[in-house]
Amino acid sequence: MRLYAPSAVESVLDGLLDDPDFGPAVVAHKVIPARPPRTEPFPSWLDPGLAAGLRVRGYDGLYTHQLDAIEALRSGQDVVIVTPTASGKSLCYNLPVLQAVVEDPSARALYLFPTKALSQDQVAELRDLATAAEVELAASVYDGDTPAPVRSSIRAAGQIVVTNPDMLHTAILPHHTKWFQLFEQLRFIVVDEAHGYRGVFGSHVANVLRRLLRLCAHYGSSPRIVTCSATIANPQQLAETLTGRPARLVDRNGAPSGEKHLLVVNPPLVDARLGVRAGTFSLVRRAALRFLRAERQTIVFARSRTSVELLLTGLREALREGRGPVSRVRGYRGGYLPTERRAIEAGLRRGEILGVVSTNALELGIDIGRLDAAILCGYPGSIAGTWQQIGRAGRRREVSVAILVATSGAVDQFIAAHPEYLFDSTPEEARLDPENLHVLLAHLRAATFELPFAETDRFGAEVADTLLSFLAEEGHVRRADDRRWYWASENFPAAEISLRTAAPENVVIIDTGGNRPRVVGEVDLFSAPTLVHEGAIYLHESRQFHVDRLEWDERKAYVHPVDVDYYTQAELAVTLKPLETFASSLAPAVERAHGEVMVSTLATIFKKLRLETHENLGWGPIRLPEIELHTTAYWIGLEGPAWREWPREELDVALVGSGRALQTVASVLLMSDPRDLGLVAQVRSPHAERPLIYLYDGVPGGVGLAERLYERHEELVAGARDLVADCPCEQGCPACTGPRLETGGQAKGRCLKLLGQLVTGRSSATVAAALAG
């Protein structure tokens, strides 16, 4: 018996809200009204053939942001384009590039995309437009899958080369003499999905672009740079930091959109006293099934490969026996073959596939058609990432629905308690630091290998001569009689640099589960004790690997693939010593500062935690040496008599719990993973002789997170106080103050008292009285 039938999106949503097992869990429902298109005529200078091709593809004009971008590029400016998903950003750069090729067939362009799938998708779109406009175009993807014979033809005749930062870094820039046609005639550089270039990765990519522009200058070209980003708080600053050049901001979105309903759902409390909530998966399945049974195209986003498979299995089981279109629901994640992924993408575009359960692999701008509903199984980690996933629904001018179902994690509960932060706040900033000394020196080596440096040449913000003198002491470079610096080592410097880490040494991860061992990834030395210790579950492209052994001296971790329902979390014994204070501020009874610190860490034990509930399933020891991290930190503490009012035991609990809350809110404010910031709470700091909470940057040298926390101090502390105060638990829980084993049974009240002091600077007694009142 068939138990499903097509229904309108509005009817499905009404039924979901009336569902007694779902409706009461909805904590926020926002309606974004439909927006009509805003268009402008084609510019007079546009080639008639291109204009005709656009009309063939259904364009009668350009959206306002498209015209703004191409006119700015025409006038010689760099641009950064910030508009929502599916607003036609790609035409902002494809049209000027095709115009340049029509005017001069020798013109070249270089496109940088973060993933292979996105590269293939964009090349297909570009070729379709060129075909419609009857323009002969040689556009090709150059990545690790490109066969050797094809590579040589791309180097010689490729008008548009589409690649990724890693290939540019290791396969193009060091071999620039083979690419002289590209560098001599390069007119445009496109950097897409720029909001992903933050932290260590962004700092590396900024230095790769420095090397690229240095080679362009050597070959006599001066390309314009197009940067595209999702909506973040600082797109212009990000683009200018990435490229080292001023850019014009284009954000006057003219694309239309249909009415969109946004729901935030928080699973009900199972134990109010302990703050324990029901599982997230059941609510995600309930919502997805209603849309699928109504034959509405739906995407479900999950955080891990295991979560994808668990949700997919549950949905298919529920849709069997005539109760739903089981054969039209697919999974999409890392580990699938490229052919499988392309088939799923094409099936979504054609409407053959009705539902897909995916990791964030489909968060980027890959064309998968127009979906009716997007359901997020957990907060993606940033407002920008959330809007990227939400944007997968509602690409037509019809009603669409996006649902965020929170997990029991601390950041998720902050969003559920403050949905206005998601709806109304400016998205987070994307921060990077190209001047990070570890990153800068690595790319200076690579740049010297590519071209010699004169005494006055700059690399980044400063003249490179001083740093090159340091490299000369290590034997990597030498100064010749012509006073220029040359590469002097036999090794290949670019091959030693991983764009994903900042440490000079990495631990290589080797999969021994197949017919022969193969390298599946690497982690920086500072992260290795917590990510690839013996017994750890290591995640790579959503695949799970069990770490069988870690050969520390050889810098190798040996793993085999598994599929388990838990993850591992390492415990660190951390000591921190301030080295230099960059800035400080003293308010009544409260001091805040940021500066340079030395962090010593020793991994001690690891816990096995269930994926969905975070239930502790067991533990094991970690036996590795202590390592030191030279980085930056933000710290905050009580001054004078304010901290002496506290009993030692209560202050210890308050510091740890408040630190956890500050760490959670900091990750939300800075658009960073909570693991990017380390926490140290000291009841009596041996260096300051008073209680301090440190949040330190988990990257050698730091990438600017500490400075931004110092600048956003009031927002940070107030947010932490609100997180704890608004949590429905009675005495503190993992969602606000951290695990009860760390903070005891009275954490909530003590944290609120301390955070109240940090916000107001008043005495603990005054704050306690205010809380009691």
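This is a predicted model: local features need pLDDT of at least 70, side-chain atom pairs count only at pLDDT 80 or more; totals for chains, interfaces and linings use all residues.

Mentor: Take arginine 690, which is buried, with a relative accessible area of 13%. Residues are numbered from 1 along each chain as its sequence is written, and side-chain values use heavy atoms, with hydrogens and water left out.

Trainee: Why is arginine 690 called buried?

Mentor: Buried means under 20% relative accessible area, exposed means over 50%, and partly exposed is in between (1.4 Å probe, protein chains only). Arginine 690 has 13%, so the residue is buried. Glutamate 591 also counts as buried, because its relative accessible area is 13%.

Trainee: What makes glutamate 591 and arginine 690 a salt bridge?

Mentor: The term requires a side-chain nitrogen of Lys or Arg within 4 Å of a carboxyl oxygen of Asp or Glu. Here the closest N and O atoms are 2.0 Å apart, so the pair meets the rule. Glutamate 591 lies in strand S29 (residues 590-610) and arginine 690 in the loop between strand S32 (677-682) and strand S33 (692-697), so the bridge ties together parts 99 residues apart in sequence. By the same rule, the count comes to 26 salt bridges.

Trainee: How do you know where a strand or helix begins and ends?

Mentor: Both are DSSP runs numbered from the N terminus: helices are H or I with at least four residues, and strands are E with at least two.

Trainee: What makes arginine 245 and aspartate 78 a salt bridge?

Mentor: Their closest N and O atoms are 2.9 Å apart, so the pair passes the distance test. This bridge links distant parts of the chain, 167 residues apart: arginine 245 is in the loop between helix H10 (235-243) and strand S10 (248-250), and aspartate 78 is in the loop between helix H3 (64-74) and strand S4 (79-82).

Trainee: Are these two partners buried or partly exposed?

Mentor: Arginine 245 has 22% relative accessibility and therefore counts as partly exposed, whereas aspartate 78, at 7%, counts as buried.

Trainee: Why is isoleucine 497 called buried?

Mentor: Its relative accessibility is 11%, so isoleucine 497 falls under the cut-off for buried. The residue is found in the loop between strand S22 (485-487) and strand S23 (506-511).

Trainee: Which residues is isoleucine 497 in contact with, leaving aside neighbours within four places in sequence?

Mentor: They are His169, His204, Ala442, His443 and Ala446, where contact means heavy atoms within 4.5 Å.

Trainee: What makes helix H15 mostly covered?

Mentor: Helix H15 spans residues 410-417, and seven of its eight residues are buried. Among them are Val411, Phe414 and Ile415.

Trainee: Why is glutamate 134 called exposed?

Mentor: Its relative accessible area is 75%, so glutamate 134 is over the limit for exposed. Glutamate 134 is in the loop between helix H5 (116-132) and strand S6 (139-141), and its phi is near 55°, a positive value in a residue other than glycine.
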